[in-house]
Amino acid sequence: MHRHLQIALSVLLCIGSATASDQDLDALMERAELRETIRIRSGGTLLEESTALEQARTQARSRSDYGLELRPGISDDDVRLALRVYLPDHWSKKRLREQLVLAAQSEQLRVAALEWQDIVSVYRDFCSYRMLRKQLGLLENELKFIEPYLAQADQSVERSQLAVGDRARLYSTFLALLNDRNELENSLLDSRRRLKMVLGPYAELENLSALAVITMPSQLEIESLLRSALEKRADYRLLGAEVRTMQLAEEAARSEDGFRLKYIQPAYNVDYNNGISSWELSASLILPWGTRNPDIGVYQTQQALSLAAQSEQRKMIEDRLRVLLETAKGHYALATEQNRRIRPVIEQLNADLEQMAGILLEQMRDVLSIRERMLDATLQSAESECRTEILAVDLAEELGGWQ
């Protein structure tokens with residue numbers, strides 16, 4: 001049941017502020033399964049945070065319980081044993097309940113922040129994974145194109161119809177492509193390793209790759225994006241929870257200010273030198289005049305620090321969003337300009353290569369030179385697409401959720 005609850009929450013995360021249509025439901029469920037897989041791999045973190053939550057709950061409840069402290073003492077002259085009994089702080093049930101809710105929310109936000117980092121890291125790795133597969137496919141196609149000409153070149157050299165130098169250039173081009181392919185295959189293996197370390201050894205990366213895609217928001221306005229980030233980011237909301245926790249603690253400290261009994265301490269003392277023993281009873285009193293609970297100042301300081309951290313976090317989020325928006329706009333403008341310049345050239349070269357279908361081996365040098373330039377352009381296009389996808393993931397990371 002817990003798994004289905006997490007999947008349902010993941011679906012809500014996928015939907016975001018928009019309502020999904022019926023045809024999108026299957027895709028949303030698949031994306032939820034991907035994110036659920038990532039979360040399952042964070043079991044150790046969840047256990048650690050659950051332990052912290054239980055400790056916070058116990059600490060909050062102890063404020064309304066009695067406490068005992070054994071205070072033994074031994075010296076050359078005497079032995080002393082005291083039992084200090086701390087009296088409860090008399091927190092109201094309402095305040096205690098809110099304190100526990102805040103403790104639970106804080107730990108949930110910490111878990112959410114850690115999970116979110118895992119999720120965006122996997123999505124970012126999938127961007128590189130798709131690029132490497134696309135580039136590897138381009139090199140494979142080029143190798144398949146050249147390979148038949150190698151046998152023809154061998155036969156032509158044997159018949160003295162082709163110079164050895166021309167065959168060497170053909171083989172050299174083929175070898176360069178083989179080296180590039182081997183390098184890409186090694187990079188792809190590393191990419192698979194990183195993904196499967198998170199998703200598990202049996203993860204179907206090809207299927208998951210089609211799901212782990214983030215699109216750039218249609219409207220890139222800093223004001224709306226900043227509002228969305230402050231509403232969604234778990235780390236920012238956590239600072240708000242810390243401020244409220246300190247406010248509750250200050251309210252409790254103020255309500256306890258004035259005359260009250262903090263603890264009582266019965267003690268038994270044995271004096272070796274005089275051979276006598278005695279009982280003692282002491283108590284700690286908070287007097288109503290000229291006193292002020294020192295914890296109030298501590299809680300106020302912590303509030304000020306949390307508010308300052310929250311303000312600094314807000315400024316950092318805004319600055320990073322501005323940088324990402326500026327980078328995205330610049331990248332899109334550059335990609336558009338490059339596409340405008342390169343696309344007509346690629347189309348013309350493709351048309352020319354079609355007319356050169358029946359070329360002689362002696363002309364292969366020109367064809368390979370043309371195809372090499374076209375291959376460079378398509379490889380760079382794959383890199384540009386990967387940068388665009390990573391920018392979208394970076395923006396989603398700053399927003400704390402998908403748009």
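**Entry 1: a pair in helix 10.** I began with Arg 373 and Asp 376, whose side chains meet in a salt bridge at 3.2 Å, N to O. The model is a predicted one. Both residues belong to helix 10 and sit 3 residues apart, about one turn of the helix. I then looked up their cover. Arg 373 has a relative accessible area of 45%, so I noted Arg 373 as partly exposed. Asp 376 comes out at 30% and is therefore partly exposed. I also found a network in which salt bridges with shared partners join Arg 233, Asp 235, Arg 320 and Glu 398.

Entry 2: I noted 22 salt bridges in the structure. One that I looked up joins Lys 134 to Glu 385, with 2.7 Å between the closest N and O atoms. This pair links distant parts of the chain, since Lys 134 is in helix 4 and Glu 385 is in helix 10, 251 residues apart. Lys 134 counts as partly exposed because its relative accessibility is 39%. For Glu 385 the value is 37%, so Glu 385 is partly exposed.

I next took Arg 181 and Glu 140, a salt bridge whose closest N and O atoms are 3.4 Å apart. Here too distant parts of the chain are linked: Arg 181 lies in helix 5, Glu 140 in helix 4, and 41 residues separate them. Glu 140 is at 23% relative accessible area, and I recorded Glu 140 as partly exposed. The cut-off matters for this reading, because buried would require under 20%.

**Entry 3: the cores.** I asked which residues of the largest nonpolar core touch the most other members. They are Phe 126, Leu 170 and Leu 321, in a core of 58 residues. The elements that give two or more residues to this core are helices 4, 5, 6, 7, 9 and 10. Helix 4 gives the most, with 18 residues.

Leaving aside neighbours within four places in sequence, I listed its contacts as Ile 222, Leu 225, Leu 226, Ala 229, Leu 395, Glu 398 and Leu 399. I also noted a second, separate core of 5 residues, among them Met 246, Ala 249, Ile 296 and Tyr 299.

Entry 4: I turned to strand 1 (67–74) and strand 2 (78–86). The two form a hairpin with 3 residues between them, and they pair in the antiparallel sense over 8 bridges. I looked for buried residues in strand 1 and counted 0 among its 8 residues.

Leu 68 is in strand 1 and stands opposite Val 85 in strand 2. Is Leu 68 buried or exposed? Its relative accessibility is 66%, so Leu 68 counts as exposed. Leu 68 forms a nonpolar surface patch with Leu 70, Leu 81 and Leu 83, and I noted about 410 Å² of accessible area for the four together. In soluble globular proteins, nonpolar side chains tend to be buried together.

**Entry 5: the whole chain.** The protein chain has 10 helices and 4 strands, in the order α-α-α-β-β-α-α-α-α-α-β-β-α-α from the N terminus. Of its 403 residues, 36% count as buried. The chain exposes about 24,200 Å², and carbon and sulfur atoms supply 53% of that area. Among contacts between residues at least 6 apart in sequence, 79% join residues at least 24 apart.

Note on methods:
Residues are numbered from 1 along each chain as its sequence is written. This is a predicted model: local features need pLDDT of at least 70, side-chain atom pairs count only at pLDDT 80 or more; totals for chains, interfaces and linings use all residues. Side-chain values use heavy atoms; hydrogens and water are left out. Patches are made of residues with over 30% relative accessible area and no salt bridge: like charges are joined within 9 Å, nonpolar side chains (Val, Leu, Ile, Met, Phe, Trp, Tyr) within 5 Å. Accessible areas come from the Shrake-Rupley method with a 1.4 Å probe; for residues, only the protein chains shown count as cover. Buried means under 20% relative accessible area, exposed over 50%, partly exposed in between (1.4 Å probe, protein chains only). A nonpolar core is a set of buried Ala, Val, Leu, Ile, Met, Phe, Trp, Tyr and Cys residues joined through side-chain atoms within 4.5 Å. Contact means heavy atoms within 4.5 Å. Two strands pair if DSSP finds at least two bridges between them.
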